[in-house]
Amino acid sequence: MTSTSPFARTRRALVATAATAAFAVILSGCSGGNAGGGSSEYSAPEEDLSAKITYGLWDQNQVPAIEENIEAFNEIYPNIEVNVNVTPYGEYWTKLQTQASSDTLPDVFWMNGPNIGLYGSNGQLEPITGAVDAGDLDLANYPEALVDLYNVDDVQYGVPKDFDTIAIWANRALFEQAGVALPEGDWTWEEFQSTASAISDALGGQGIYGAAGGMDGQTTYYNTIFQAGGAVIDDGTSAYDTPEAQAGIQFWTDLIASGASPTIQQLTDTTGDQWFTSGKAAMYWGGSWFRSALTDTELAADVTVLPLPEGEQKASVIHGVSNVVSAASKNKQAAQAFQVFLASEEAQQMQGDAGAIIPAFDGTQGAFTESLPDANLQVFLDALEYSQPLPVSSNSAAWNAFETELLPQAFSGERPVDEVTAELAEQMNAALAEE
Amino acid sequence: MATVSPPLGSSPRAPRGRAGRAGGGAPSEEGRGRDGLWPVLFVGPLLLGVAVFYFWPILQTAFYSLTDWGAFGGWTFAGIQNYLELFADPALYLSLGNTLLYTAIVLLGIPLAVYLASLLNLPGLRFAALYRVLFFLPYVAMPTAVAMVWRVIFNGDFGLLNYGLGLVGIEGPYWISTPGAALVAVAIVGLWSSLGFSMIVLAAGLKNIPPELYEAAELDGATRWRQFRSVTVPLLTPSIFFVTIVTVISSFQLFDLLYAILGSSNPVLPRSMSLVYFFYREGFVSNDKGYAAAIAMFVFLIIGLVTALQFRLQKRWVQA
């Protein structure tokens with residue numbers, strides 16, 4: 001009877017997933033838990049190696065470029081069949097957890113910063129050290145901050161596939177309408193604040209704001225914390241209770257309090273990118289990936305990119321996806337060959353030409369900036385120089401949940417910043433201690 | 001619990017038991033043998049499915065609630081540690097309270113469904129079939145799709161609801177980003193989308209009420225409202241009881257609507273979460289699956305408890 005209820009279905013699915021994972025573990029004799037080793041067997045396979053491998057990823061938009069990659073890969077290894085397996089991002093990590101628990105991970109798959117610690121430190125991934133030692137991979141070709149991101153306990157697990165940095169997407173038409181000049185070159189926190197306020201003052205009557213913040217650390221408060229000279233995690237403990245981190249949080253509290261940005265409630269209902277794309281916000285702190293949201297929109301002609309304002313120093317958060325090989329892969333040699341190929345200049349150039357992402361291989365990024373010639377996308381590439389990696393730990397999701405819960409209370413002015421950050425640091429440290 | 005009359009599927013004309021064969025003589029020995037085997041053959045696959053996909057996972061979950069689960073399946077026995085932690089966790093009481101509030105609001109939909117079903121059952125109502133479809137549509141729509149539409153309706157700045165309220169001079173809140181309002185907003189959607197199911201069940205119950213009773217009531221001079229109160233509602237109580245049980249169980253399992261309407265990065269979510277969302281957060285966000293299993297067992301037990309309680313109380317109000 002209850003199976004007719006849609007509410008029942010989800011819970012059952014969840015319980016069933018957890019239980020299936022449990023069952024699989026028993027079958028496989030508690031295989032999890034072997035710690036990742038430092039060495040890795042690797043040799044480039046013979047060209048006639050015959051194998052079937054799967055490639056797990058979450059972005060359907062990138063599939064065309066990936067199919068091109070596979071075609072080129074098959075010119076070298078005609079007998080390795082690669083099956084692309086796309087899972088939407090919302091379910092990707094839940095599914096991956098289940099697959100990892102039952103030793104059925106895809107042979108090659110996408111990995112991100114918040115999750116690398118979990119998979120790397122639990123022996124789920126094959127280190128790439130073998131391919132590096134053999135000279136088939138040269139990590140100097142990729143941004144250093146990204147290479148470091150995929151290094152867990154001094155073992156390298158991932159080869160960067162692409163990267164993203166953060167800058168400000170600006171609507172030139174709204175600047176003109178408000179009679180406010182576009183900033184040129186570098187600018188400071190104060191200049192950003194006054195520019196945003198000036199636009200809000202001029203166009204507030206039409207419901208237009210100067211800037212839209214958000215509650216996503218990667219695009220907003222991590223950047224300001226770094227700009228203030230602070231950190232989110234320092235030596236395995238939370239740095240939220242430092243004056244620098246507090247200054248980085250205060251930046252957003254002040255911006256919202258001045259009316260230059262919609263409130264946290266408004267931003268929950270309508271996210272920052274939506275305020276921007278609907279022409280209701282002149283500036284939006286966003287990642288380079290936002291480029292694909294502008295494809296074929298009227299807005300695209302008015303958009304330009306500004307560097308993030310400078311606090312004590314310049315900073316922009318860098319993050320990128322990497323390709324990893326499952327430690328349990330039955331066709332490891334083929335999987336590693338594919339991983340190495342995806343990291344090659346040739347494959348990266350194809351990805352870049354498709355325009356959806358910034359490829360990680362040095363010198364293949366030109367196509368991205370040309371994909372919106374008037375928008376000055378170069379800012380995202382320039383940010384590499386002063387970029388800092390996305391703060392992560394072995395179980396980032398646990399403390400990310402505390403950020404989502406507590407920081408809005410500071411942004412909204414409901415509680416003082418120092419009180420909220422102190423509580424956040426305490427909870428985060430408890431979560432970090434459990435890792 | 002034979003007092004629950006079959007609300008769906010079986011019409012009074014359907015032959016019950018062996019009554020259909022009355023006069024055909026006693027069934028032969030052979031026939032009885034076949035009868036003994038056939039039901040098992042038909043029900044067997046279903047039973048197997050239930051055993052593998054329901055009972056086995058329940059046992060598994062019960063077992064894992066007693067363990068400390070490592071990242072990818074390595075576990076150590078932890079005894080009742082998870083339960084001790086759970087009962088000391090304020091999040092449990094918060095999510096239990098939210099779930100009860102949600103259930104209470106959704107239950108308000110049942111009187112409404114009774115009234116609407118009786119209206120739809122009025123003889124000579126035009127477009128009755130169309131109304132039935134309209135009321136039932138939300139129930140068959142995907143919860144996520146329903147949630148996305150309501151998310152837009154609830155939008156504080158640009159939403160239809162606040163626009164409508166604005167026309168009559170009321171300034172609506174930011175429905176899904178205000179702690180108290182968020183859960184009520186979700187419950188309104190839950191009520192709305194369960195209305196169709198309740199009405200279908202109740203409509204089937206209404207068909208079982210003999211028209212002679214209404215004729216007699218009318219002869220006695222009873223008004224429509226009086227007929228509704230004195231004939232319809234009492235005779236419908238078995239169906240109402242069934243709908244109540246199902247609604248309570250599904251309300252205790254609130255997850256998808258909450259998750260999809262509020263959004264996973266909503267700051268009020270930790271204060272508005274339901275029991276199953278709490279389970280999801282511990283199991284799939286914090287990756288603490290032993291603890292999550294303990295929560296799942298708690299939800300399982302509490303649903304069993306509440307259902308048993310309802311069966312006990314039914315004697316007081318359900319007409320046999």
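Predicted model: local features only at pLDDT ≥ 70, side-chain atom pairs only at ≥ 80, totals over all residues.
Let's begin with charge pairing. Over all chains, the structure holds six salt bridges.

| Pair | Closest N to O distance |
|---|---|
| K332(A) and E126(A) | 3.1 Å |
| R281(B) and E282(B) | 3.3 Å |

Take the salt bridge between K332(A) and E126(A). K332(A) sits in helix 13 (residues 332–342) of chain A and E126(A) in strand 4 (residues 125–126) of chain A, so this pair ties together parts that are 206 residues apart in sequence. K332(A) is partly exposed, at 25% relative accessible area, whereas E126(A) is buried, at 9%.

K314(A) counts as partly exposed at 33% relative accessibility, and D186(A) counts as partly exposed at 48%.

In chain B, R281(B) pairs with E282(B) in a salt bridge. R281(B) is buried, with a relative accessible area of 18%, and E282(B) is buried as well, at 10%. Back in chain A, a network of salt bridges links R415(A), E419(A) and E423(A).

Now for the nonpolar surface. L125(B), F127(B), L130(B), Y131(B), V133(B), L134(B), L137(B) and V140(B) make a patch of about 740 Å². One of these residues, L130(B), is placed in helix 5 (residues 128–140) of chain B and is partly exposed, with a relative accessible area of 46%.

Terms used
Residues numbered from 1 in each chain as written. Chains lettered and ligands numbered in written order. Heavy atoms only, no water. Patch = residues over 30% accessible without salt bridge, like charges linked within 9 Å, V, L, I, M, F, W, Y side chains within 5 Å. Areas by Shrake-Rupley, 256 points an atom, 1.4 Å probe, with all protein chains shown as cover. Salt bridge = Lys/Arg side-chain N within 4 Å of Asp/Glu carboxyl O. Helix = DSSP H or I, 4+ residues; strand = E, 2+ residues; numbered from the N terminus. Buried < 20%, exposed > 50% of the residue type's maximum accessible area, 1.4 Å probe, protein only.
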